[in-house]
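Hello,

Here is the structure I promised to pass on. Please open it and keep it beside you as you read.

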Amino acid sequence: LYLDKNTEREIAKDLQKGSRQAWLRLYETYAKPVWRNIARLMGDNSAAVADVVQETFLAAARSARNFDPDRGSLWAWLWTIANRQVALYYRKQKSNPVLAQAQNWWTSLDGEKLDWIDAKTDAPPDILQSRQLATLVRCALSQLPGEYQTLLLAKYVDSQPADRIAEQMSCSAVAVRSKLARARKAFQKAFKKIIRSAPGAKEVSL
Amino acid sequence: MNEQNDKQVNKRVSSFLSAVDRGAIPPDKQSLNKLQEQSTAEFLASSADRILQSEKTSTISSWETIMKSPITKLAAAAVIIVAVILRLNITRGPDMASVAWANVATNAKQVDFVHFYELKFRKNRINNSLEGWFAKGKVLAKKDDGTTFYDDGKTETVIDKHGEQIRKGPSDLGNIKGLTFFEKITQGLMQYENEDMLKQVPSHVGDDFLIYRFDPPERIKEWVEDVAITVGRNSLLPIQMKIRRKDQADAYDLYILDYEAPERPVEFFDTQSITEPPHGKGEIVLDDEEVVIDISDSPGIKAVVIRLYSKYFENMGELNVFDAAVITTEGFRRGIARQIPWQSNKEDKFSVGDSKHWPDKKFRHVTAKIMLRPTEKKGTYLVEVRCWFD
């Protein structure tokens, strides 16, 4: 799926020259993974997902000549752009009624909810299966740095082993585990922040 | 203990995160194929722009790569005017033969309205065409396949024939401020005045027109045979540009321009500002029925409906909020429930619309600015509305 370092260097060199083939190779390699991860952060709004994917690749196309393989992988560069676009989408959706509904749903739940997040007690299975939880998780995830998103999705959604993630991220497996611990904490913090922030103003379609 | 806790957190985060795959939209092949073309064009255009900027010349690196949208296609055509290295082939007429291109360039800079057509001839028939307008710093272009490109100087929006927005991105014209049409449409390239070019005189002088003929610079010779620009004899403004291509047999691109204001699509150009008088006003009573405010002088909009009511806000107490809806002349209604405080004597703004929720599925976006003015009667206000299609 991902490209090795040498191939990335070749592509980077060709991108700087404005090579159409280099761009197509990048696009063919990463279009679907980018779509998949953006959709994971944005849910079932297909038009919005398509828009954000589009904005990501158009922005990438405009800055592809600046890609420097010494500063990180192509995926990391591309996902930084995607992350920015997703964040922008969520900023525009501040008064998103779906999110507000999910926040209200969470508020209405009984039980030691913070303990569920901190894994001190078990969350009921129907909660874990609910679409409202998915909305809250997506929103929390979208607020994390791109590197944490990549790590968390690779580890917990794609079930990739740490050594494979390490290979993709050009770092050691130990470093991946350490970063994952930080990413988990960041996720828990972001999730808590979302469930605590009740919107003061709502704008919904009639 | 810590290890145990880590495992539990691991498990919990895993169970939470697995939720994100639920309902996530799988990659759409059609969208991605379309985006592949768009992004490739964007990449190539961006690469070409870089070369332009880095060299600070008025030449372009590749004819094909700058053709990223119909608007910039016209831009590219005009870029050539600036970019060409002149090859004189003068057939001098009796009076106008010595009129230098500088005169045309100066006139073109005064223009603030242009109506244009782009016709692409292949094997002596029109392969595709486009009609466009430039006015008030905005460009609108409509292709024969129904696609509309609109650039308001800040954002470029592309809408397909069904009214669906297929792209929205930064303006191609937005980075250039205070320039005239030709400067804008050539993305500033007309600024790079070339002495040789300015001194160029017509290759042909007719009764009503002059023709300036240019050879392409080295870099676009691969694509372009030559460029002929027809200029009105009296107006000294370009009325036609013909770009003969050599990458395809019997192929040329023709641009026809005029400067008289025909009926341009008002919804794109005649947007308004709140500083102007309201389009409608009416009295409204707090916590009462909704009020229909008739709208006049705003094309396409018939009325705005507003309901004013009070809502309790924590730490702030009861404040006024409103629901509003816009009714188009077709009778379509779109509205919002805006549950944020609406302060008296302070402009508020809302917008409604997209391409999905109107009954005819066409793209419409309405912005409205509203002002709530208290009257002598408690709980009764005067509402002023100004609204327009974006």
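Predicted model: local features only at pLDDT ≥ 70, side-chain atom pairs only at ≥ 80, totals over all residues.

Aromatic pairs come first. Over all chains, the count is 11. A pair of aromatic rings is described by the distance of the centres and the angle of the planes.

Start with Trp23(A) and Phe57(A). Their rings pair edge-to-face. The centres are 6.4 Å apart, and the planes stand at 80 degrees. Where do these two residues lie? Trp23(A) is in helix α2 (residues 20-42) of chain A, and Phe57(A) is in helix α3 (residues 46-63) of chain A. The pair therefore ties together parts that are 34 residues apart in sequence. Trp23(A) and Phe57(A) are both buried.

Now look at Phe191(A) and Phe16(B). This pair is edge-to-face too, with 5.3 Å between the centres and 65 degrees between the planes. Phe191(A) belongs to helix α11 (residues 173-196) of chain A, while Phe16(B) belongs to helix α1 (residues 2-17) of chain B, so the pair joins two chains. Are these residues buried or exposed? Phe191(A) has a relative accessible area of 1%, so it is buried. Phe16(B) is at 2%, so it also counts as buried; the cut-off is under 20%.

Both also belong to one aromatic cluster. Its members are Trp105(A), Trp106(A), Phe187(A), Phe191(A) and Phe16(B).

Last, the charges, in chain B. Lys242(B) lies over the face of Tyr252(B), 4.4 Å from the ring centre. Arg307(B) has its charged end over the ring of Tyr309(B), at 4.2 Å from the centre.

Best wishes

Methods: Residues numbered from 1 in each chain as written. Chains lettered and ligands numbered in written order. Heavy atoms only, no water. Phe/Tyr/Trp six-rings, centres within 6.5 Å; stacked < 30°, edge-to-face > 60°. Helix = DSSP H or I, 4+ residues; strand = E, 2+ residues; numbered from the N terminus. Buried < 20%, exposed > 50% of the residue type's maximum accessible area, 1.4 Å probe, protein only. Lys NZ or Arg CZ within 6 Å of the ring centre and 35° of its normal.
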